Amino acid sequence: MTQKTKKSTNFTTRNDNSNKRKRKMKTLVFASNNAHKLEEIRAILGDKYEVKSLKDIGCEVDIPETGTTFRENALQKARYVKKHFGFDCFADDSGLQVEALGGEPGVYSARFAMKNGRQVTADSKDDVNMDVLLEKLAGKENRKACFRTSVALIYEGEEHFFDGIVNGRIIDEKRGNGGFGYDPLFVPEGYDKTFAELGNEVKNGISHRARAVAQLAAFLKAESGK
Ligand code: IMP
């Protein structure tokens, strides 16, 4: 009997706490509709923040990215959401930077083939981007490259940035079927396989995006505990 009463008291207490937590949960918009990225972020921050996508807030615009750096592009997206929808928000922008090409493709990573006059479809884009990269690197000995992600966060009236980098090198031919983008050409430092061969579990442990998001998460978790 005593035990029963105690059990039920404990249950009520736990429930009250979780309701309080829910009531206090702050909404943050992640300026993206990429289901994979959203799932990843919600898994990290879901117990502290209600993370909404662009679709969730009714934003159907393809927010312009006209900056010359990853930070500028990420901030452009976050500011757009804050200005037009009023939510605190974070956004990311990523790409590949190749030393022998002066940092190209950089902010043009997604549009590299088109920028170089190639026709692409949604299906052929990644492949043609890699072809263009290999053509530009032909005969060059320096194969150093890095992937970079910048996250811009607008939080309680202030702007913050979180950057993640993974260094590596570009090989001569595509290897592996995993990942996306330039993964089949990129071998991260300390490995002899490409991101496309290493698979998502290894990649997500060391990637530029994972590193930037870990910093964002640490900041937001600290803020939520204040
Ligand atoms: P986003 O800003 O994350 O959409 O990335 C822009 C472009 O950079 C992508 O379309 C890819 O071409 C390239 N990119 C970014 N991250 C990666 C990655 O992890 N692997 C391969 N390519 C990437």
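Biologist: Which residues is Ala78 in contact with, leaving aside its neighbours within four places in sequence?
Modeller: This is a predicted model. In it, Ala78 is in contact with Ala31, Cys89, Phe90, Ala91, Ala152, Leu153 and Ile154.

Biologist: And is Ala78 buried or exposed?
Modeller: Buried. Ala78 belongs to helix H3. The buried residues of H3 also include Phe70, Asn73, Ala74, Leu75, Lys77 and Val81.

Biologist: What do those buried residues pack against?
Modeller: Strands S1, S3, S4 and S5.

Biologist: Where does H3 lie, then?
Modeller: H3 covers residues 70–85. The helix lies across S1 (26–30), S3 (89–98), S4 and S5. H3 runs at about 20° to S4.

Biologist: How many residues does H3 have, and what is its reach?
Modeller: H3 has 16 residues. From first C-alpha to last, H3 reaches 23 Å. That is close to the 22 Å expected at 1.5 Å a residue.

Biologist: What comes just after H3?
Modeller: Gly86 does, with a positive phi of about 85°.

Biologist: Back to the core. Which residues touch the most other members of the largest nonpolar core?
Modeller: Ala78 is one of them.

Biologist: What about a second core?
Modeller: A separate core has 18 residues. Among them are Phe112, Phe147, Val166 and Ile170.

Biologist: New topic, the sheet. What is the strand order?
Modeller: The order is S2-S1-S3-S4-S5-S6. These six strands form an open sheet with mixed pairing.

Biologist: Which are the edge strands?
Modeller: S2 (49–52) and S6 (186–188). Each pairs on one side only.

Biologist: What does the twist average?
Modeller: From one strand to the next, the twist averages 35°.

Biologist: How many bridges pair S4 and S5?
Modeller: Twelve, in the antiparallel sense. S4 spans residues 144–155, and S5 spans residues 158–170.

Biologist: What stands opposite Leu153?
Modeller: His160 in S5. Leu153 is also one of the residues in contact with Ala78.

Biologist: Last one. Where does H7 lie?
Modeller: H7 (residues 208–224) lies across S2, S3, S4 and S5. The helix runs at about 155° to S5.

Terms used:
Residues are numbered from 1 along each chain as its sequence is written. This is a predicted model: local features need pLDDT of at least 70, side-chain atom pairs count only at pLDDT 80 or more; totals for chains, interfaces and linings use all residues. Two strands pair if DSSP finds at least two bridges between them. Helices (H or I, at least four residues) and strands (E, at least two) are DSSP runs, numbered from the N terminus. Axes are lines fitted to C-alpha atoms, for helices over the stretch in contact, and angles run from 0 to 180 degrees between N-to-C directions. Two residues are in contact if their C-beta atoms, placed from the backbone, lie within 7 Å. A nonpolar core is a set of buried Ala, Val, Leu, Ile, Met, Phe, Trp, Tyr and Cys residues joined through C-beta atoms within 7 Å. A residue is buried if 20 or more other C-beta atoms lie within 10 Å of its own, exposed if 12 or fewer, and partly exposed in between; C-beta atoms are placed from the backbone. The expected span of a helix is 1.5 Å times one less than its number of residues.
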